[in-house]
Amino acid sequence: MRRLSEWLDRGARFIATWGLLLMAAAMLFQVVARYGLNEPPAWTEELARIAMLWAGLAGATTALLRRRDPVLVRSEHFASPRLRRAAHWVQSVAVMLFCGVVLWVSPPWLAVHGWRVTEALGLPSQWVVAIVPLACAILIIHALTLLVSESAAENSDNE
Amino acid sequence: SLASDTKVGMSLPANLERNGAYVWVKVCTDHLRAGGMNVRVYPNSTIGGERERTIQAQLGLLEINVTGGDEIGRWSPIAAAGSRPFLVDSYDHMNRIIDDTDYLATITADLAAVDLVMVDFVYVASMVGLFTRGKPVRRIEDLRSLRLRVLSEADMNLLRAWQVRGVQVAWEEVAQALQTGIVDAYLNPPNVAPMFGHGSVLDYYTNLRMGPAMRVVVASKPWMDALSPAQRALVRQAFGAARAANRAWSEQMLEADHQALDKAGIEWIELDDDERATWLEASARIAPSHWETPAEAERYLRFVESTRPEGARP
Amino acid sequence: MLTAALIIALVIALAALGVSLAYALGTAAVVAFVVTDSLPFLAAAPQRIFSQLDVFAIMAMPLFILAGELMNRAGITRALIDVAMLMLARLPGGLGHVNIMTSVFFAGISGSATADIAAMSNTFVPQMEKRGYDRQYAGAVTAASSVIGPIIPPSIVLILYGAIMSTDVAALFAAGVVPGLLLAAALFATNAWYARREGHPGGAGEERPPLGPTLKKGAPALLLPVIILGGIVFGIVTPIEAGALACLAAVVIGFAGNGLTWASITQALRRTATLTGSIFMIIAAASLLSYLIVLHQVPDDLATLVANIHVDGIWFVLVIMLTFLLLGMGFDFMLGLTVVAPLLVPIAVMQGADPVAMGLLICLNLSIGLITPPLGGAIMMVATITGDGYWGLCRRVLPFVLAELAVLLLIAVFPEIALALPRALGLL
Ligand code: NA
Ligand code: NA
């Protein structure tokens with residue numbers, strides 16, 4: 001379980017890092033193109049948007065694994081270890097419920113996107129939107145990992 | 001319950017005076033309610049933008065959707081061909097295409113594969129013309145010294161065919177672009193400039209009659225398929241009543257628009273046939289859009305020519 | 001009504017158990033679909049999530065987060081502090097003023113209060129303590145002045161507001177300039193009052209950094225806000241492109257000053273992705289709740305309700321401000337931004353309030369919420385970094401909160417204060 005999470009996390013970090021770079025590069029290119037070229041390309045915006053979506057949702061999975069998501073109350077500060085474990089359990093169930101529902105209803109929605117391509121680049125829409133169920137699936141796996149081993153986050157955290 | 005109610009989505013406000021699409025929706029929903037159906041209307045894109053509403057309709061979550069032509073053009077080559085300018089002369093002509101040919105039926109057949117049903121075209125304003133600043137435009141040559149605001153990549157084809165300079169500007173930024181001189185002209189139905197307060201910066205309106213200003217009404221196929229025969233009859237009646245009301249509304253639009261432009265201080269320019277011919281010729285060179293196919297474009301042209309009112313020249 | 005109370009109670013209960021906001025909201029949303037007999041409509045959930053995130057305007061958010069991360073690592077913060085020292089260190093309560101002034105400078109290049117606090121807590125609090133300020137006061141000034149960060153553009157809160165409410169981000173940015181400076185003025189005044197009352201150190205004897213080198217090092221950092229803002233306001237670049245340019249500038253300045261390494265760039269990218277991801281999940285979860293609210297036509301009912309109780313004009317705006325103040329006491333700002341603002345703001349706009357002024361007021365309100373107890377995100381962060389007691393900090397921060405609320409009230413009553421600049425620039 002933990003190995004699977006770590007492996008998925010490496011992939012997510014890769015997507016997140018390069019996605020952000022690609023997004024920034026596309027935007028910089030857009031400025032250059034607008035003042036340097038006669039006809040600014042229409043695809044920069046779309047490329048940047050897709051890169052942002054993939055990077056952001058990949059980032060959501062790394063945030064969960066490192067317990068970086070904003071909280072009102074830090075469960076790490078709970079005095080009783082039993083209470084702390086209960087809190088982590090509730091968190092994982094919450095992740096699995098929310099992401100599980102989104103994942104569950106995704107297939108017909110993906111099918112509808114099978115009838116589309118993106119406006120500017122003409123990419124299959126299905127592939128672009130697939131990051132939503134993909135991120136949900138990874139989030140569920142991470143939630144399970146965090147249930148099994150409370151310390152998975154602290155170990156892989158070296159920022 | 002929410003699931004069994006008939007839900008209608010649209011992007012424009014629920015305004016009976018200015019919004020022809022709402023005239024359609026209001027009459028349709030009144031009819032459905034009178035027939036015992038529960039109806040909810042979601043204007044102003046509250047239920048989602050164009051793409052989101054289309055997908056909701058395809059999933060069977062939104063029963064009736066008023067949307068833009070692009071949303072169906074991607075799946076129906078003949079509908080895509082229908083967005084070519086200067087083919088349709090008047091709303092009378094458009095009515096005939098809709099009533100007397102297989103145009104809607106062809107689109108419906110195309111959309112069946114993506115779980116949608118083509119219901120109607122609704123007219124939302126007078127036909128599209130040209131607003132300009134500083135210079136009256138009659139022939140296409142007059143436009144070449146001005147900069148035309150365009151919206152999308154598809155419009156670039158129009159610019160190339162007309163050999164006119166253009167700038168891509170988002171609608172929210174048009175007022176500012178007009179003021180600073182980035183843009184001198186835009187294509188829109190005549191009610192647009194007064195509605196958005198551009199009257200003080202724009203000087204002329206050329207009634208090009210480029211084509212109808214329409215939105216499309218589509219229904220969710222899963223929903224239509226699940227209706228009982230009695231319900232389906234009621235829905236069909238409601239659609240018919242809505243169409244009649246929308247056509248009646250559009251007939252009194254042109255005169256009102258003309259007066260509104262007079263009041264806003266924008267001069268109305270009518271074209272004679274010679275002048276309009278220069279626009280027709282140039283527009284014939286517009287490259288086909290991404291979604292149309294030669295065969296379907298040909299078929300659409302046949303529909304157009306076979307229904308052209310007598311005496312009107314192509 | 002009962003359902004709404006139930007859902008809010010569920011969010012609070014889950015959050016109190018330490019569940020992160022995104023998943024507390026998400027779980028509550030799923031439960032809400034079930035109890036309102038709307039289960040089939042969860043089929044729209046993935047599309048809803050995708051559409052809410054697939055917004056071009058949101059892109060400015062990760063870009064400015066990244067720019068801030070890069071600037072912190074590039075040593076730009078240090079340069080800004082030195083310039084502020086040069087200007088203000090010799091006044092009574094000098095370091096307090098420097099702290100606030102640095103936040104003003106920093107606000108011009110970073111988009112959030114979090115970035116401000118991260119940059120300043122480690123530098124100012126120990127220094128102020130060394131010069132004889134009490135530690136909690138140092139933390140309180142740092143927390144209070146961080147509120148300027150999201151008001152003076154660029155601003156991530158304003159970007160998100162613009163994206164969620166379809167309001168022009170350039171106009172929102174321009175509207176933030178004067179209120180941001182007013183906030184600073186109010187904080188300077190409060191700091192001066194504290195300095196007299198408590199006899200804070202500072203005065204003619206205070207040492208200052210050398211003039212020439214300080215300005216030389218600080219100049220690029222000070223020029224950056226001018227370039228970013230100028231570019232946006234004069235329509236040369238969009239706010240999004242400005243974010244990308246800010247990143248590029250930070251990298252260039254960082255490498256020129258030897259402050260940046262490839263490793264620190266990777267770190268900045270990872271942190272940006274993580275932060276962006278957290279915000280994305282909150283938007284995603286909130287988008288389900290707002291879809292349900294719209295499906296059941298709650299906004300229409302709410303508008304009718306508001307119309308019937310005859311609260312309108314400035315009074316309704318004040319009611320909204322009060323609502324957000326209360327929200328800010330207990331919740332993360334994303335909840336207000338993604339769930340509550342879309343419900344209330346359209347009604348105020350319908351009654352004649354200006355959408356840009358409303359956007360600025362709400363963002364100001366949400367930012368002040370960062371330093372209002374019982375739950376002030378900024379105070380909590382300062383407390384975490386400096387190791388101070390949370391409630392002690394709250395007590396010291398309170399006069400600053402009152403000063404900022406006075407600015408909020410002023411702008412609510414005279415929205416022209418915020419709107420004059422965007423109007424003059426032709427953005428309205
Ligand atoms: Na800022
Ligand atoms: Na500060």
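Predicted model: local features only at pLDDT ≥ 70, side-chain atom pairs only at ≥ 80, totals over all residues.
How many aromatic pairs does a search of the whole structure find over all chains? The search finds 17 of them.

A pair of aromatic rings is described by the distance of the centres and the angle of the planes. For Y103(B) and F121(B), the ring centres are 5.6 Å apart and the planes meet at 5°, so this pair is stacked; the cut-off for stacking is an angle under 30 degrees. Y103(B) belongs to helix α6 (residues 103–112) of chain B, while F121(B) belongs to strand β4 (residues 116–125) of chain B, so the pair ties together parts that are 18 residues apart in sequence. Both Y103(B) and F121(B) are buried.

Other aromatic residues of chain B form a group. F131(B), Y186(B), Y205(B) and W268(B) make up one aromatic cluster. R74(B) sits over the face of W75(B), 5.8 Å from the ring centre, and R247(B) sits over the face of Y123(B), 4.2 Å from the ring centre.

Chain C holds a metal site. Which residues coordinate the sodium ion (ligand 2)? The donors are the atoms O and OD1 of N99(C), OG of S103(C) and OG of S145(C), at 2.1 to 2.9 Å. Along the sequence, the donor residues follow the spacing N-x3-S-x41-S. N99(C) and S103(C) are both in helix α6 (residues 94–107) of chain C, where they are 4 residues apart, about one turn of the helix. An α-helix has 3.6 residues a turn, so residues three or four places apart point the same way. The cut-off for buried is under 20%.

Helix α9 (residues 156–165) of chain C is the next stop. Of its 10 residues, 9 are buried, so the helix is largely enclosed by the rest of the structure. Among the buried residues are I156(C), L160(C), Y161(C) and M165(C). What do the buried residues of α9(C) pack against? Their neighbours in chain C are α4 (60–73), α10 (169–198), α13 (262–295), α16 (333–350) and α17 (355–368). The N-terminal end of α9(C) is capped by S155(C), which has a side-chain oxygen 3.4 Å from the backbone nitrogen of V157(C). Just after α9(C), S166(C) has a positive phi of about 50°.

With a relative accessible area of 5%, T274(C) is buried. T274(C) touches G59(A), T62(A), A63(A) and R68(A), and its side chain makes a polar contact of 3.4 Å with the side chain of T62(A).

For chain A itself, an unreviewed UniProt entry gives the feature "transmembrane region" at residues 12–35, 47–65, 86–107 and 127–148. In the model, residues 12–35 of chain A are 100% helix and 0% strand, with end C-alpha atoms 35 Å apart. Residues 127–148 of chain A are 95% helix and 0% strand, and their end C-alpha atoms lie 32 Å apart.

Methods
Residues numbered from 1 in each chain as written. Chains lettered and ligands numbered in written order. Heavy atoms only, no water. Buried < 20%, exposed > 50% of the residue type's maximum accessible area, 1.4 Å probe, protein only. Helix = DSSP H or I, 4+ residues; strand = E, 2+ residues; numbered from the N terminus. Contact = heavy atoms within 4.5 Å. Polar contact = N/O pair within 3.5 Å; in protein donor to acceptor, adjacent residues only side chain to side chain. Donors = N, O, S within 2.8 Å, 3.2 Å for Na, K, Ca; no water. Phe/Tyr/Trp six-rings, centres within 6.5 Å; stacked < 30°, edge-to-face > 60°. Lys NZ or Arg CZ within 6 Å of the ring centre and 35° of its normal. UniProt positions renumbered as here; feature names shortened; annotations may be inferred.
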